[in-house]
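The following note is intended for a colleague who is new to this structure.

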Amino acid sequence: SDLELCEAPVVIDTFANGATYSWSSGHISSSIEVSEPGTFTVIRTVGVCTQEASAEVIECTDTPVDPEDPIDPEDPVDPIDPDSSVIDGPSDGLELMFFIPNAFTPDGDGSNDVFGVVGPQTDTFLLQIFNRWGEMVYESMQVDQRWTGNHQMGEYFVPDGVYVYRLTATHQQQTFETKGHVLLTR
């Protein structure tokens, strides 16, 4: 995946239990810190299985979107291009557009520790997250609420893996619906 150097250094982590690692930079740990742009490749080996992945780190081109700062519905901004002008939308100026990250790392290091949607306040909002067996592990009815990786808001934390989300929101007769995947890795 591509990463931006908005706040150097960027940490690229490929941890898997029992794996060995060989980075194009010469490192052999599961993660590396990157302070300069470039393409970084890792070969991860677990037993007899080998995986190769690359990440391109580029200079930061846009102002980063802070998931803790909800978008002001009176001044909606495209979260993909924060420098763009106000999004055209209905007469109240509110466009149902959301930014949904595809990964987070709830490891307590203060970076990407929560998963949440960035978007405007709406009349209705429902975010549901399911494990691979279809069990709902998280539900939110507020756009500014964040998931920490816990199961049903309890003390048990779900394991690392890919989870499916479903988001439905409505505002003044507009409906936004999407589903996708989020990777939780510590």
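1. Strands E10 and E11 pair in the antiparallel sense over 11 bridges; strands are DSSP runs (E, at least two residues), numbered from the N terminus, and two strands pair if DSSP finds at least two bridges between them. Alanine 169 stands opposite phenylalanine 176 in E11. The model is a predicted one, in which local features need pLDDT of at least 70 and side-chain atom pairs count only at pLDDT 80 or more, while totals for chains, interfaces and linings use all residues. Residues are numbered from 1 along each chain as its sequence is written, and side-chain values use heavy atoms, leaving out hydrogens and water.

2. An open sheet of five strands runs in the order E7-E11-E10-E8-E9, with mixed pairing. At its edges lie E7 (103-104) and E9, each of which pairs on one side only.

3. The largest nonpolar core has 21 residues, of which Phe98, Phe115 and Trp147 touch the most other members. Such a core is a set of buried (under 20% relative accessible area, 1.4 Å probe, protein chains only) Ala, Val, Leu, Ile, Met, Phe, Trp, Tyr and Cys residues joined through side-chain atoms within 4.5 Å. E8 (124-130), E9 (136-140), E10 (161-171) and E11 (174-184) each supply at least two residues of this core. Its largest share, four residues, comes from E10.

4. A second, separate core of 11 residues includes Ala16, Ala19, Trp23 and Phe40.

5. Strand E3 (residues 20-23) pairs with E5 (residues 38-46) in the antiparallel sense over four bridges, and tyrosine 21 stands opposite arginine 44 in E5.

Key:
Buried means under 20% relative accessible area, exposed over 50%, partly exposed in between (1.4 Å probe, protein chains only).
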